[in-house]
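Me: Hello! I am new to this structure and would like to learn how to read it, one feature at a time. Could you guide me?

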Amino acid sequence: MNIKKIWVFLNRHRKKVLVIMGVAVFLLILYIVVFIHNKNVIASVGRYKITVEDIMAELESSPEFYKQSVINNPEAAINTYIDQIIIYKEAKKYERKYRHNLKVKMRNYYIKVLSKEFVDNELSKKIKIEESAISQYYNTHLEDFIIPERARIYEIVLPDRQKAEEVLRRLSYGESFEAIAMQESVAESRTKAGDLGWIDIRKLDSEISSMITQINPGDILANIIQTELGYHIIKLAGKTERRVLTLSEATPSIINLLMVKEKKKAIDDLVAAHREKNRIRIFGKKIKLLQEALK
């Protein structure tokens, strides 16, 4: 009985029901669109939304070390982008004033970015690096794959020999090398507990390299080394032997090198072919306009 009443009601108010259902469907679609649009929004400045893609695009042209720092401190990159958007919002007020210059710069930028995308994603697809080419490059460039003997060195630098000898005694009693380096060293390396990182032994002073090769990782040089920076106490933290990378280890870098070479050849061939097809003219009489603009 109730079902019949509902059916009668729906038939009687069909138009209203259809309107209500249409509005409901529209609102649902609107909600889904807004949800999808805001899915990757990571910050906002007023009504301006900043997405993960915005940050990633900005990082593409950044050095590798900066990308790594963003992994550890992503908020710093977000805040940097926020600052840029704040400046941009103010700059928008002057958009008409700089429209012509912007148009020229954006056109050139677009040409470069689109060309790069084409080369990286289309032209490069046609390049195949054969295993025989990799092996040939490896065998003819073995000297490029030599890993030299290296040492990881820590240092404490003191202003005078008396202080250096005192610190050397303290170290012989078991005090922490790193702790003393942070507290008393006068070198910039104190901020890293005296760590100088891995160093090619060939680049060290001959006296130091000779002594380094005679001790084991964890040992401290008995000799105090004097330089123009002060008196150095040296600790050997690690050492690697000289060796040649295997073909398997060298393959990734060889592929990158050959890809760069082949990509350049592909670009040169494409340009040469299309220079012949296109009617290219340089208006010599107008070159002076460029020369005047550069003055």
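Me: At what angle do the axes of helix H7 and helix H11 cross?
Reply: Before we start, this is a predicted model in which local features need pLDDT of at least 70 and side-chain atom pairs count only at pLDDT 80 or more, while totals for chains, interfaces and linings use all residues. Residues are numbered from 1 along each chain as its sequence is written, and side-chain values use heavy atoms, with hydrogens and water left out. Now the general idea: two packed helices are described by the angle between their axes and the distance between the axes. Axes are lines fitted to C-alpha atoms, for helices over the stretch in contact, and angles run from 0 to 180 degrees between N-to-C directions. Helices (H or I, at least four residues) and strands (E, at least two) are DSSP runs, numbered from the N terminus. Here, helix H7 (residues 131-140) and helix H11 (residues 247-277) have axes that cross at roughly 105° and come within 9 Å. H7 is therefore roughly perpendicular to H11. For that wording, angles under 35 degrees count as roughly parallel, over 145 as roughly antiparallel, 65 to 115 as roughly perpendicular and the rest as oblique.

Me: Which residues of H7 and H11 meet?
Reply: Contact means heavy atoms within 4.5 Å. From H7 come Ala133, Ile134, Ser135, Tyr137 and Tyr138, and they meet Leu247, Ala250, Thr251, Ile254, Ile255, Leu257 and Leu258 in H11. By class, the residues of this contact are ten nonpolar, two polar and no charged. The classes work like this: Ala, Val, Leu, Ile, Met, Phe, Trp, Tyr, Cys and Pro count as nonpolar, Asp, Glu, Lys and Arg as charged, and the others, Gly among them, as polar.

Me: How do helix H3 and helix H5 pack?
Reply: The axes of helix H3 (residues 52-59) and helix H5 (residues 74-91) lie 11 Å apart, at an angle of about 95°. H3 and H5 are therefore roughly perpendicular to each other. Asp54, Ile55 and Glu58 in H3 meet Ala77, Ile78 and Tyr81 in H5. This contact has four nonpolar, no polar and two charged residues.

Me: Now for the strands. What is the order of the strands in the open sheet of four?
Reply: Strands of a sheet pair through backbone hydrogen bonds, either parallel or antiparallel. Two strands pair if DSSP finds at least two bridges between them. In this open sheet the order is E5-E4-E7-E6, and the pairing is antiparallel. Strand E5 (195-200) and strand E6 (225-227) are the edge strands, each pairing on one side only. On average, neighbouring strands of the sheet are turned by 40° against each other, direction ignored.

Me: How many bridges join E4 to E7?
Reply: Nine bridges join these antiparallel strands, and the partner of Tyr154 in E7 is Lys235. Strand E4 (residues 150-158) also pairs with E5 over four bridges, where Arg150 has Asp200 as its partner in E5. E6 and E7 pair over three bridges and form a hairpin with two residues between them. There, Thr227 stands opposite Gly230 in E7.

Me: What lies across the sheet?
Reply: Helix H8 (residues 161-172) lies across E4, E6 and strand E7 (230-240), and runs at about 40° to E7. Helix H9 (residues 177-184) also packs on the sheet, touching E4 and E7, with its direction at about 50° to that of E4.

Me: How many residues of E7 are buried?
Reply: Buried means under 20% relative accessible area, exposed over 50%, partly exposed in between (1.4 Å probe, protein chains only). Eight of the eleven residues of E7 are buried, so E7 is largely enclosed by the rest of the structure. For the protein chain, 23% of the 295 residues count as buried.

Me: What is the phi of Ala193?
Reply: Most residues other than glycine have a negative phi, and most peptide bonds are trans. Ala193 has a positive phi, near 60°. Ala193 sits in the loop between H9 and E5 and counts as buried at 12% relative accessibility. Ser189 is found in the loop between H9 and E5, and counts as buried at 9% relative accessibility.
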